[in-house]
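Let's take a friendly walk through a protein model. Have the sequence and the 3D view ready as you read.

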Amino acid sequence: MAETDDKIRCDACPVLCYIRPGMTGACDRYANRNGELVRVDPHILLERTLSDGGEIVPFMTGGREWTGDIVNAPTPFVTAIGAGTTYPDYKPAPFIVSSNIDGVDMVTVVTEGIYSYCGVKVKIDTDRHLGAECATVRAKGEPVGHVTTGEYGSQMLSLGGVNHLTHGGKKEGRVTCETLLDLCNRKAVELTVDNGASVVVEAGKPPIVNGQVEERMRVGCGSATIGMFAKQWHDKVDEVVVVDDHITGVLSEHQAGKLLGARDTGIKMKGRRSTPGRYFHVAAPGTGWGGADISDPLEIVAGFDPKVAWPGLTMLMVSTTGEQHAFYRLDESLKPVEAPLPENLRLSVERIRENCEPALCSVLFMGGAGGSLRAGVTENPVRLTRSVRQALTTVTAGGAPVVIWPGGGITFMVDVTLLPDNAFGYVPTPAIVAPIEFTMRLDDYAALGGHVDHVRPLSDIVERLAKNNAKASAREAPARIKA
Amino acid sequence: MRQKPQHRRLGDGRLHLHDGPIDLIIQIFGERWAVETAYAAAWRRFQTILDELCVELPLLRAEATPTSARPAGRVARRMADVVAPFCETRFITPMAAVAGAVAEEILSALTDAAPLSRAYVNNGGDIALHLLPGESFTIGMVDRPDRPSLFGNAIVSGRDGVRGLATSGWRGRSFSLGIADAVTVLATTAAAADAAATLVANAVDLPGHPAIRRAPAISRDPQSDLGERRVTISVGELTPDEIDQALSGGLAEAARLKAMGAIEAAALRLCGETQLCGDNVIPAKARTAAPQALLSLDSRFRGNDSPVLFEGGDASRGRRETRNRGALNPTTGSDRHAVG
């Protein structure tokens, strides 16, 4: 990266600026800080307005003048976005802000962490088979993570982490960083699974599997669906099979059917019976009916026992989302023959569909406040961990609530859709840059060995921001490439 | 790694487009469907603009001469064509018109897409306007982006030939060879206004004055199109006579450009003093009595008694500190019929 004169070439856009130390590129967003490319977006102040459900208002835009109020509602919350950071953090965090909330002096330590070991957990609401567990997930051909567990009708992916970001090849690290950054900034990313599907993931949007938009999430597994709808099917049809790659349900054998006094039908299913009316492995995983590799549902029915079944027996086969369904009547030789779906059953099929929630992709950023980052907050980093554990210190990321993992360190996860736009950045290390804030009482901060001499009142920060942000209308105004 | 172009709607419905160094704020007035159609068209056109320009950057950064090659891209051609008339007598590069040319290109994508009553594309203070004959925009002028307060209003009506407006000055994002705090130019197109504002701002100058610090452009930005030319870094105390002298230099340049037909009007601002160029510029006091005013200045320059939104810039951080050349923001809503 380093050129003569310590100029850096920035590759964030095609202008490809050479940036001198201490200067920014043509965009004013990327700068050369001691030979390292960093993002210098202004802080974004979030107004905590509960009423608008997390609607985020950029600081002083839209012609609204700041009234000078610091703590009157709506309270500005200083986020770490654009705070900048140093690594290693032997210096105090760039902004340690105090304000007075309910008469208690609060301190928020605001920094941007550089996360070289971070990753994202992706939850994809789909029954379709994306790939085998442990299969490699690729972006632009590079391995960026793997398929992990399937849970409740969603397929989980685990992407990034130290093994892809820094321990893989150079290109692997770069592509992984890019993939994480795009996912965290809520952009669409195409991923492919080895021996599996291609899926376009965008946080908060439906997944696109092999070019098909996934509309709905199933209401439950096949067995659960039987339980939910048994009453509506009883007396209207002799047998119902809810086709599901995970657990296929059969009404007449299922506990729910038994309780209603459903008559045996002598149906013989393929696959392995787990408990009555619940079948595993009726087919191989795929992208057909109920996430199995079938387009004809009869493929999973081995036949009917002639001693039990009878000609004219009726059977509904339906997938867990209600998207596919077929109705059959047994002929004289007890072979199912497809027939039009009776009106009274159509309602139940539609109800399954209606109960399926929209399928979405969710992306959780997972980062950890390592000892180095914690040192930017306090002289005795482990005390910060303890303080967080004791719930004396609140951790947020770009103002958004985080989930903190139990166990060692401060490892957190945050829903990327709760952060302001483009809250994430990167450094070419490669690593992701993300905001993190620690909020605690001033006296608690002193007790844990905080950099109390660096605490600045919120009003100072707001003023300073105003100064830095002649760009305040940043999002509003600036920018031209004239050099 | 290449960050993709971005688009988002601001809370008040305006569209913000961003790609690399380009930030556009767009507002459209018209039937709802027309507005949505036009916003979509703007976004479609926007996505490739920066890449198109970057392909020809070396040519666009080179000094324009009568024998310069004509670039291939639409926006690049607009830039080259608009600076061409100036290149025989002045140093100029096509980059002097880049912001205006981009604004213009997006504006034409908007107006081609749907019938609109009014629209503007604001590229960091260089603004392309669309106005039907009965419509108008009131535009506030700011001289210190680091300390924005209005020093005047420009009112552009649909009946004028003005469809572009730009501001240049050493305090802005771009380098200037002169010392003007802000030169605002009204012209028939945004690209023309952009190039002309650069020239007029360069001409507001006091060569060799000890209170003015300058540095070679490339010492600040290694790729500057201004090369070794010395750009203004700071301006110290000037006497009233010196301010007058500098402004007259700019005024002469503005008059020359107006005689060439390159601009309609200009407002020049230095150390709190304002000079105007343009026949139909009406002094502030007469403004209300002259609704046809092309450009008028509000004498109520708001000094220290006005709300200060921003603290002064920190000069040690260099030009980038004073980045908000958002000097000009078309006002909207109740101001829409400010004229006529």
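In chain B, nine strands form an open sheet in the order E1-E2-E3-E4-E5-E8-E9-E12-E13, with antiparallel pairing. Strands (E, at least two residues) and helices (H or I, at least four) are DSSP runs, numbered from the N terminus, and two strands pair if DSSP finds at least two bridges between them. E1(B) and E13(B) are at the edges with a single partner strand each, so one side of each has no neighbour in the sheet. E1(B) and E2(B) run antiparallel and are joined by four bridges; Gln6(B), for example, has His18(B) as its bridge partner.

This is a predicted model: local features need pLDDT of at least 70, side-chain atom pairs count only at pLDDT 80 or more, and totals for chains, interfaces and linings use all residues. Residues are numbered from 1 along each chain as its sequence is written, while chains are lettered from A and ligands numbered from 1 in the order in which they are written.

Here are the strands that helix H6 (residues 190-203) of chain B lies across.

| Strand | Residues |
|---|---|
| E5(B) | 126-131 |
| E8(B) | 164-168 |
| E9(B) | 182-187 |
| E12(B) | 265-270 |

H6(B) runs at about 30 degrees to E8(B); angles run from 0 to 180 degrees between the N-to-C directions of axes, which are lines fitted to C-alpha atoms, for helices over the stretch in contact.

Elsewhere in chain B, the axes of H1 (residues 32-46) and H5 (residues 98-113) come within 8 Å and cross at roughly 140 degrees.

Chain A has nine helices and 33 strands.

Technical notes
Contact = placed C-beta atoms within 7 Å.
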